[in-house]
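This report is written for someone meeting the structure for the first time.

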Amino acid sequence: MNLSEIDIHAALKKYFGFSQFKGLQEGVVKNILEGRNTFVIMPTGGGKSLCYQLPALMQDGTAIIVSPLIALMKNQVDAIRGVSAEMGIAHVLNSSLNKTEIKQVKKDIKDGITKLLYVAPESLTKDENVEFLRSIKLSFVAVDEAHCISEWGHDFRPEYRNLKAIVTRLGEGIPIIGLTATATPKVQEDIIKNLGIGDATVFKASFNRPNLFYEVRTKTENIDADIIRFIKQNEGKSGIVYCLSRKKVEELAQVLQVNGISAVPYHAGFDAKTRSKYQDMFLMEDVNVVVATIAFGMGIDKPDVRYVIHHDIPKSIESYYQETGRAGRDGGEGHCLAFYSYKDIEKLEKFMAGKPVAEQEIGNALLQEVVAYAETSMSRRKFMLHYFGEEFDEINGEGADMDDNTRNPKEKVEAMEDAVKL
Ligand code: ADP
Ligand code: MG
C-alpha cells in the first residue's frame with residue numbers, strides 16, 4: 001500500500017467514520033484526487049456523495065457541487081457539517097440566502113474553510129456568482145444527478161445544459177465530475193457530450209439488486225382488492241404504493257384506511273407542512289404504507305421498505321428502477337409489484353400528445369420499453385439490466401430466480417389468466 005492509499009483510508013475514517021470503501025468509491029476518489037475528469041454511474045444508495053465529498057475535504061480549494069434540489073443540498077450540507085467541527089466546511093449558495101448569509105458564505109470560502117459549495121444550476125448562471133467563483137481556488141466541479149442534462153433521462157432540466165460553458169468561465173482546466181444513477185447508454189452519451197468529458201475515466205457499478213423480487217400482474221377492476229390483499233399478506237411491513245395522479249393517491253389511501261390498513265397519502269399538492277408530517281409518519285413507522293405520486297422518494301432513505309407497488313405503470317424503465325429501488329435498501333427482502341394494463345400506456349401516450357414532437361418521440365420510445373418489460377416472458381432482471389447496458393446471467397447471476405417469470409414460467413401464468421377470463 002502506498003502512502004496515498006493510507007492517507008485516503010485515514011481520511012475516510014476521519015471524516016466519515018467508515019473503515020472501508022463501498023464498491024468503486026476508492027478508485028473514484030483516487031481519480032478525482034489526481035485531477036482527472038470522472039464519470040460515476042452507480043445506483044441510488046451506491047454511495048456517490050462520498051465519491052466527491054472525500055476528495056473535496058482532502059484537497060485545497062473549494063469544490064462546487066451542482067445539485068438540482070434545495071432539499072437534497074441541505075441534507076448533504078448538514079451531513080458534512082456533522083463530520084467536522086467547522087460549520088463553514090460546507091455551504092449552500094442559492095436564492096434562499098439573505099445578504100448577511102451570503103457574506104458569511106463568501107468569507108468562509110475566501111478563508112479557505114469551505115470545502116464543498118452546493119449550488120443549483122440557476123445560481124451558477126448568475127453573473128455575480130460566476131465573478132466571485134472565478135476569483136477563488138476551485139478544486140473541481142461535481143455535477144450530481146447529471147442525468148438532468150439529458151432529455152432521455154427521467155428528470156430533464158434545461159438549466160443543466162449550460163454547465164460546461166459556465167465551468168469554462170470559472171477557470172481553465174477545472175476537473176468535472178459527473179454522477180448519476182441513470183444507467184442507460186443514451187443518457188450516458190448525453191452527459192459525456194454535454195459536460196465535454198469525453199476523456200473522463202468512467203466508473204460504472206452494477207445495477208443488479210439481487211434482493212429485489214420483480215413481479216408484474218395484469219391490472220383489472222379488482223386492483224384495489226388485489227393491493228389490499230397484498231398489503232395484508234405483508235402485515236406490519238413498510239411499503240410504498242405509487243399512483244400516477246394525486247386524485248388516485250388520495251382515493252386509494254382512503255380505501256386502504258377504510259380497510260384497516262394504516263396509510264398516509266403523499267403528493268406535491270399538499271403544503272410542505274402536511275407533506276413532511278406524512279413523510280415523518282412513514283419514516284417513524286406510525287403508519288405502514290405511504291400512497292404517493294413520484295413526488296415521494298427523492299432523497300428519502302428508509303432502509304427497510306419491504307415492498308413497492310405500482311398501481312400505475314411508470315413512464316420509463318428508469319423510473320421503474322428508481323422507484324422500486326427504494327425497497328430493500330438494507331439488503332433484506334423487497335417485493336416490487338407492478339400492475340399493468342395497456343390502457344394505462346394509452347393514457348400516458350395521451351398525456352404526451354400536447355408536447356413538442358421531439359419530446360413525444362422520446363416519451364413513446366421509453367414507453368415501448370415499459371410495454372416490453374411488462375409483457376416479456378423472460379427474466380425481468382435480465383431485461384432490466386440489459387436495458388441498462390449490462391449483461392446478466394439468468395441461470396447463475398445473483399438474484400437469478402427473483403422474478404415472477406423465472407419462478408413461474410409463462411405457460412402457467414397464461415393458463416391462469418385464461419382461467420380467470422373464463
Ligand atoms: P447515492 O448518492 O449514490 O444514492 P449516497 O451518497 O446518498 O448514495 O449514500 C448512500 C448511503 O451509503 C449513505 O447512507 C452513506 O452514508 C452510505 N455510505 C456511503 N459510503 C459508505 C461507505 N464507504 N461505508 C458505509 N456506508 C457508506
Ligand atoms: Mg446521490
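The model shown here is predicted. The protein has 18 helices and 13 strands, and its radius of gyration of 23 Å is close to the 22 Å that the globule rule gives for 422 residues, so the protein is as compact as a globular protein of that length. Taken along the principal axes, its C-alpha atoms fill a box of roughly 75 × 45 × 45 Å. Of the 422 residues, 41% count as buried, and among the contacts between residues at least 6 apart in sequence, 75% join residues that are at least 24 apart.

The largest nonpolar core has 110 residues, and those with the most contacts inside this core are Ala142, Val143, Val290 and Val291. If residues up to four places away in sequence are left out of the count, Ala142 touches Tyr52, Ala63, Ile65, Val66, Ile177 and Leu179.

Helix α5, which covers residues 99–110, has twelve residues and reaches 16 Å from its first C-alpha to its last, close to the 16 Å expected at 1.5 Å a residue. The helix is followed by Gly112, whose phi is positive, near 75 degrees.

Not counting residues up to four places away in sequence, Ile109 touches Thr62, Thr114, Leu117 and Ile136.

Asp199 is found in the loop between α9 (185–195) and β7 (201–204). This aspartate has 9 C-beta neighbours inside 10 Å and therefore counts as exposed, since the limit for an exposed residue is 12 or fewer.

| Pair | Apart in sequence | Apart in space, C-alpha to C-alpha |
|---|---|---|
| Ile109 and Asp155 | 46 residues | 31 Å |
| Asp199 and His147 | 52 residues | 18 Å |

Notes: Residues numbered from 1 in each chain as written. Chains lettered and ligands numbered in written order. Predicted model: local features only at pLDDT ≥ 70, side-chain atom pairs only at ≥ 80, totals over all residues. Core = buried A, V, L, I, M, F, W, Y, C linked by C-beta atoms within 7 Å. Buried ≥ 20, exposed ≤ 12 C-beta atoms within 10 Å, placed from the backbone. Contact = placed C-beta atoms within 7 Å. Helix = DSSP H or I, 4+ residues; strand = E, 2+ residues; numbered from the N terminus. Expected span 1.5 Å × (residues − 1). Rg over C-alpha atoms; globule rule 2.2 N^0.38 Å.
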